[in-house]
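Hi everyone, thanks for coming. Let's take a few minutes to walk through this structure together.

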Amino acid sequence: MPVRVIITHGTAADCTQASKLIEGIDAEYLIADKGYDTDAIIEQAAAQGMNAVIPPKKNRIHQRLYDEDLYKLRHLIENAFLMLKRWRGIATRYAKNSKSFLAAIQIRCLVLWLNIS
């Protein structure tokens, strides 16, 4: 289930927003894809007491180990995006400005949390 949402410009890299997304989150593991394999994210996760389950990028000089079995649970994250995008306005971003789009995302998250879809 979604717990935090940040809206960015379409050209912004996801990894640039990760520190804001995980700040203050109390979790045992941080599961993310290769796009989030940065030293800053891994260090922040460790500082917050989370084990980073992020596969290393191929161009990383020192390849890190990660729990491949636990990483298989990342499909649950993708399922959350699927549930959000079931609303056509979110999938196609019909909203003219970011505030309207964020409001649509928040409403959809409420629907998911309340299980009324």
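Let's start with the largest pocket: 41 residues line it, and Arg4, Leu21, Tyr36, Ile77 and Phe81 are the ones nearest its centre. By pocket I mean an open set of points on a 1 Å grid over the protein atoms alone, where a 1.4 Å probe fits and protein lies on both sides within 12 Å along at least five of seven lines; lining residues have an atom within 4 Å of a point. Two or more lining residues come from each of α1, β1 (29–31), α4 (75–85), α5 and α6. Helices are DSSP runs of H or I with at least four residues, and strands are runs of E with at least two, numbered from the N terminus. Helix α4 gives the largest share of this lining, seven residues.

A quick word on the source: this is a predicted model, local features need pLDDT of at least 70, side-chain atom pairs count only at pLDDT 80 or more, and totals for chains, interfaces and linings use all residues. Residues are numbered from 1 along each chain as its sequence is written, and side-chain values use heavy atoms, with hydrogens and water left out.

Now, alanine 91 sits in helix α5 (residues 88–91). Is alanine 91 buried or partly exposed? It counts as partly exposed because its relative accessibility is 44%, and that class lies between buried, under 20%, and exposed, over 50% (1.4 Å probe, protein chains only). Its C-alpha atom is 9.5 Å from that of phenylalanine 81, ten residues away along the chain.

Finally, arginine 93 is in the loop between α5 and α6 (98–114). Its phi is near 50°, a positive value in a residue other than glycine. Most residues other than glycine have a negative phi. Thanks, everyone!
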